[in-house]
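Thanks for making time this morning.

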Amino acid sequence: MKLVPLGDRVVLKQLVAEETTKSGIVLPGQAKEKPQQAEVIAVGPGGVVDGKEVTMQVKVGDQVIFSKYAGTEVKLDEVEYIVVKQNDILAVVES
């Protein structure tokens, strides 16, 4: 199966949480904070949303930072995704 976002929505796959801190302390499962960094898996077509023209500024494969409590978590084929609106994406990470 495949997720195809509508309007100005974007499907993200969250990056794996760090298992140890920079100082080497191993974190138990509950103490790990989910990272706010993710990879863009699919992008909606944009278009007119709420009466405003929306052009999509991210593309598949981009690494992005998104708002902490944004989106809806979806599990498909044992993989977890987050569907967010484009304006919930704060920045694109460039290397």
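D77 counts as exposed because its relative accessibility is 51%, where exposed means over 50% relative accessible area, buried under 20%, and partly exposed in between, with a 1.4 Å probe and protein chains only. Before I go further, please keep in mind that this is a predicted model, in which local features need pLDDT of at least 70 and side-chain atom pairs count only at pLDDT 80 or more, while totals for chains, interfaces and linings use all residues. Residues are numbered from 1 along each chain as its sequence is written, and side-chain values use heavy atoms, with hydrogens and water left out.

D77 sits in the loop between β6 (72-76) and β7 (79-85), strands here being DSSP runs of E with at least two residues, and helices runs of H or I with at least four residues, numbered from the N terminus. Its backbone has a phi near 55 degrees, a positive value in a residue other than glycine. E78 lies in that loop between β6 and β7 as well, and E78 also has a positive phi, of about 65 degrees, although it is not a glycine. E78 is exposed, with a relative accessible area of 69%.

How many salt bridges does a search of the whole structure find? It finds 2, and one of them joins the side chains of D62 and K59, at 3.2 Å from N to O. In that pair D62 counts as buried, at 11% relative accessibility, whereas K59 counts as exposed, at 55%.

Moving out to the fold, the protein chain has 0 helices and 8 strands. An open sheet of 6 strands runs in the order β6-β7-β1-β2-β5-β8, with antiparallel pairing. Its edge strands are β6 and β8 (89-93), each of which pairs on one side only. From one strand to the next the twist averages 40 degrees, with axes taken as lines fitted to C-alpha atoms and angles running from 0 to 180 degrees between N-to-C directions.

Which residues make up the largest nonpolar core? They are V10, L12, A38, V40, V58, V64, F66, A70, I82, V84 and I89, 11 residues in all, the core being a set of buried Ala, Val, Leu, Ile, Met, Phe, Trp, Tyr and Cys residues joined through side-chain atoms within 4.5 Å. Two or more of these residues come from each of β1 (9-14), β2 (37-43), β5 (63-66) and β7. In soluble globular proteins, nonpolar side chains tend to be buried together.

V64, leaving aside its neighbours within four places in sequence, is in contact with residues including L12, A38, V40, V58 and I89, contact meaning heavy atoms within 4.5 Å. For the protein chain, residues 24 or more positions apart account for 63% of the contacts with a separation of 6 or more. Buried residues make up 24% of its 95 residues.

Methods:
Two strands pair if DSSP finds at least two bridges between them. A salt bridge is a side-chain nitrogen of Lys or Arg within 4 Å of a carboxyl oxygen of Asp or Glu.
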